[in-house]
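Student: I have a model open and want to go through its architecture. Can we take it question by question?

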Amino acid sequence: MLIAVLSGILFALLFLFFRLQNGWLRFIPAFLPLSLLIYFSTWLPEVTGGQEILFKYSWIPAMGVNLDFKLDGLAMLFSLMITGIGTLVYIYAAAYLSDRSQIHKFFSCLSLFMAAMLGLVLSDNLLVLFIFWELTSISSFFLIGWNTKEEASRKSAVLALAITGGGGFLLLAGVLLMGNVGSSYSIQALTAASATLKQHSSYVLMLCFVFAGAFTKSAMFPFHFWLPGAMKAPTPVSAYLHSATMVKAGIYLLFRLSPVLGGEPLWNYTLMIVGGFTLLYASFQSLFRTDLKGVLAYSTIAALGLIVLLIGIGTTESFLAAAVFILVHALYKAALFLCTGIIDHAVHSRDLTKLSGLRKIMMPVAIAAGIAALSSAGIPFTFGFIGKDLIYEATMHTGMLAIQLTGLVLVANILLSYAGYIAGFRPFAGALPEAYADTAKPGFLLWGPPALLAVLSLFFGFFPALSSPLVNAVVSAAGGNPALPDLKLWHGFNLILLLSGVTVVGGFLLYLLRKPADSQLQFMDRFEPFSARSFFLGLAEGIKKISHYFTCKLQNGYLRNYMITIISFLLILLCWKLVKLIPNSIDFSTMTPVSMYDVVILVMMVSAIFVLMFTSSRLTSIISLSIVGYSICLLFVFYGAPDLAMTQFTIDTLTAVLFMLILLKLPPFLTLTNKAIKIRDAIISAIFGGVISMIAFLVLQEPTHKTISRFYADNAYSLAKGKNVVNVILVDFRGSDTLIEITVLTIAALGVYSMLKLKISSSEKE
Amino acid sequence: MNSIILRTASNYLLPMLILFSVFVLLRGHYEPGGGFVGGLVAAIAFVLHSFAHGLKETRRFLRIHPGVFIPIGLSLSLISAVVPMFAGQSLMTGLWFNEPVPVIGLIGSALFFELGVYFVVFGVTLSMLFTITESV
């Protein structure tokens, strides 16, 4: 299992080095998701039989972070979607991408994404889930910004990363909070401790953080706007990440945490309100789009809203509807996206006001898109019909809210089926414009994948019972009642059938009556200044301005100003805390008596400082500064810290050398101060020195806790085979600190190197 | 600095200082010393060389850019931290050979970790100093 999850990451590296670009070689990567699909399918009997398959690998057991994978119904549904649609997208992408020289990087990113997504849905440990969650954001960043030469594409990538990354940050807070309260990061353990979590005083905070993560990832209002922007990515990416898998990560999280945090009114109503509003808002927005991908993007947001709404209802029926709809949506939306890509590829346009009659040059595509559109509308004998039925059934059984929710879903569904018709029928209907007449026909490898998805939509529509075992397993994983009857095609004549009929007919009427036009788009653009997108962009701009102001004020390039800022700030902080702690008297008896050495060193230091202050030669000042440094080293030697002394000696030497190097190039010695400045500096440094001495005395007065140092001293040899305790602490006991420190050193070196070597011409500076 | 004495001395001092830095590195586990100081001493050796012969000469003598040592050291430390995981233990557990090797003493993952620190410090110090020298 570990290999299955991480193979994507491994192959991401391999694909980078082995450039499978030419001819049929570029289809080789598709075997990766295919073999994973087969691997996961072999577990199907066990999972649908109600088993939960656990795989445990320890990673950092001391911190409770373990690579525990759990394969239950929910994880299985997502894994099959990720690998199944993944396989088709890999094949499609190999045929689709025209720039062959970059294709290996593309597959590398895509494999990384797939691995991250698999890890996300399979992980049983919340912290590991979070790591994979962030990995999906990062890999998606690369894929959205794939066309690096387009500014719009780069901007969308940054926007998507900022929104989903920010949400991920909050999610981490939620995860840590849950882990602290439930004293475990394992989802299983947390499910058992569900009651404790719900009664805890920070339950509301946990919900806020988890919702922030899920809503940003799954593009809920008001964070939805990154998703239409993300459509700048190549179409295979849009189909894979932004309709079928990644945006459903938030949904997955809500599903997964339903048994842990769900069931409380706050959870249910928040999800219903946010999901419902997003559903209505996005389906309404999709009416006004003229870009094919724009229509699909907004209808995807609406579909995600619908799923969140269903999870929020929180009954067994609604979980069932959500599970089925996830599958329905993945099948038809991915198919529609892939068809859009074929159109874009062939005629280089996605403008709905211009496209028509394309069935004459790409009949198979027209059929695939048509079936997908029918499934989206919920015509009988498509899988969408089953999904719609279940949704209405779920909303009608919600008690008090039944009428409102059903009405809401009905309106939204009509708009959504309109969006489906528009995307699936409009480009293919009518007469073919002359400009497109001699377009080359798309190959099988392009239309095959969407056609297969469309056929699956039909297949499950005719035989819905086949999907039942899996879907029921999902419901039981989400905490619903597992004993469900099989899905049926025909429920008899009832209200639900009537509602489905109204949806289909209403959407079709809307399709006949409305024509997409640019004027409508412009009409909607007038509301742009009030949208969430403008608000967020404005916020980002504001932060930039504030930091600009701050930087100009505080970091004005004069070292003396930096010093004074740092020291004054520190002084304020210290004095604020120290005022209460000042002792009445200082007990000198516990200190070691002053020896001859100390006096000599002290005299040396003080005289060096006086020379430093009054000299007017740079050379003298550097040398006196070095004397101060070396004197401190000597103190270290006398008081038993040879390691520290050695390092300080070498550092002091190197600093002196560095000064010498720069010294020769500096302008002549200038007097930049006047009396007032000197007095100010003298006062600040005197106070600072006094406060530091005070702290030193206070530290000595405190009774010391020696348990930690004794542990190090006692165990240095037995545990780490070293006699030099300081060194053993550095390389063994606290080795990860050292590892991070040398990383910081590296970053510092890179900073110095790039700042000094970078030559920006004045025109590039802005 | 164009001084024959310094130039001649630095020719002899360079290998001595490097040997000394390795000595400091190796004894670190038992007595004062370690990778950090060792790296600094080695850097000083080359700084001294550049004082006597000029930076160009030192660069030619080093052949590779000192920055190259940084990723080498960083990955060495990282690998020595990760290796225990393959032996079924948690991150950064010290692994040791049972028999001491002559001169060096006991060899364990901590030694390679130290060696990584040594390289990083050496690379960072030298690339900073060289860059600054060239830029002013």
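Student: How many helices and strands are there in chain A?

Tutor: This is a predicted model, where local features need pLDDT of at least 70, side-chain atom pairs count only at pLDDT 80 or more, and totals for chains, interfaces and linings use all residues. Residues are numbered from 1 along each chain as its sequence is written, chains are lettered from A and ligands numbered from 1 in written order, and side-chain values use heavy atoms, without hydrogens and water. Helices (H or I, at least four residues) and strands (E, at least two) are DSSP runs, numbered from the N terminus. On that basis chain A has 32 helices and 2 strands.

Student: And what is the order of elements in chain B?

Tutor: Chain B holds 5 helices and 0 strands. From the N terminus on, its elements run α-α-α-α-α.

Student: What are the spans of the two C-alpha traces along their principal axes?

Tutor: For chain A the spans are about 105 × 60 × 50 Å. For chain B they are about 55 × 30 × 20 Å.

Student: What percentage of the residues of chain B count as buried?

Tutor: Buried means under 20% relative accessible area, exposed over 50%, and partly exposed in between (1.4 Å probe, protein chains only). In chain A, buried residues make up 48% of 766. In chain B, with 136 residues, the figure is 45%.

Student: In which sense do β1(A) and β2(A) pair?

Tutor: Two strands pair if DSSP finds at least two bridges between them. Here β1 (residues 53–60) and β2 (residues 65–71) of chain A share 7 bridges. The sense is antiparallel.

Student: Which residue in the turn has a positive phi?

Tutor: β1(A) and β2(A) form a hairpin, with 4 residues between them. The phi in question is about 75 degrees, and the residue is G64(A).

Student: Why is β2(A) described as largely enclosed?

Tutor: Look at both faces. One side carries V65(A), L67(A), F69(A) and L71(A), the other N66(A), D68(A) and K70(A), and all are buried. β2(A) is largely enclosed by the rest of the structure because its buried count is 7 of 7 residues.

Student: Which element gives the largest share of the lining of the largest pocket?

Tutor: On a 1 Å grid over the protein atoms alone, a pocket is an open set of points with protein on both sides within 12 Å along at least five of seven lines, a cavity is a set where a 1.4 Å probe fits but cannot get out, and lining residues have an atom within 4 Å of a point. The largest pocket has a volume of about 2700 Å³, and of its 41 lining residues the closest to the centre are L559(A), R560(A), M563(A), L612(A) and D681(A). Elements giving two or more residues are α25 (559–578), α26 (596–614), α27 (618–638), α28 (642–663) and α29 (675–701) of chain A. The largest share, 8 residues, comes from α29(A).

Student: What is the volume of the largest cavity?

Tutor: Grid points are joined across faces, edges and corners, and a volume is the space filled by probe spheres set on the points. The structure holds 4 cavities of 30 Å³ or more. The largest cavity has a volume of about 100 Å³.

Student: Which residues lie nearest the centre of that largest cavity?

Tutor: α1 (4–27) and α5 (109–135) of chain B each supply at least two lining residues. α5(B) gives the largest share, 3 residues. Of the 12 lining residues, those nearest the centre are L26(B), H29(B), W96(B), L106(B) and L111(B).

Student: How far apart are the C-alpha centres of domain 1 and domain 2 of chain A?

Tutor: The bounds come from an automatic or database domain assignment. Domain 1 covers 277–516 and domain 2 covers 710–766. Their C-alpha centres lie 54 Å apart.

Student: What is the helix percentage over residues 107–132 of chain B?

Tutor: UniProt, in an unreviewed entry, annotates "transmembrane region" at residues 12–30, 36–55, 67–87 and 107–132 of chain B. Over residues 107–132 of chain B the end C-alpha atoms are 37 Å apart and strand is 0%. Helix comes to 92%.

Note on methods: UniProt positions are given in the numbering used here, feature names are shortened, and annotations may be inferred rather than shown by experiment.
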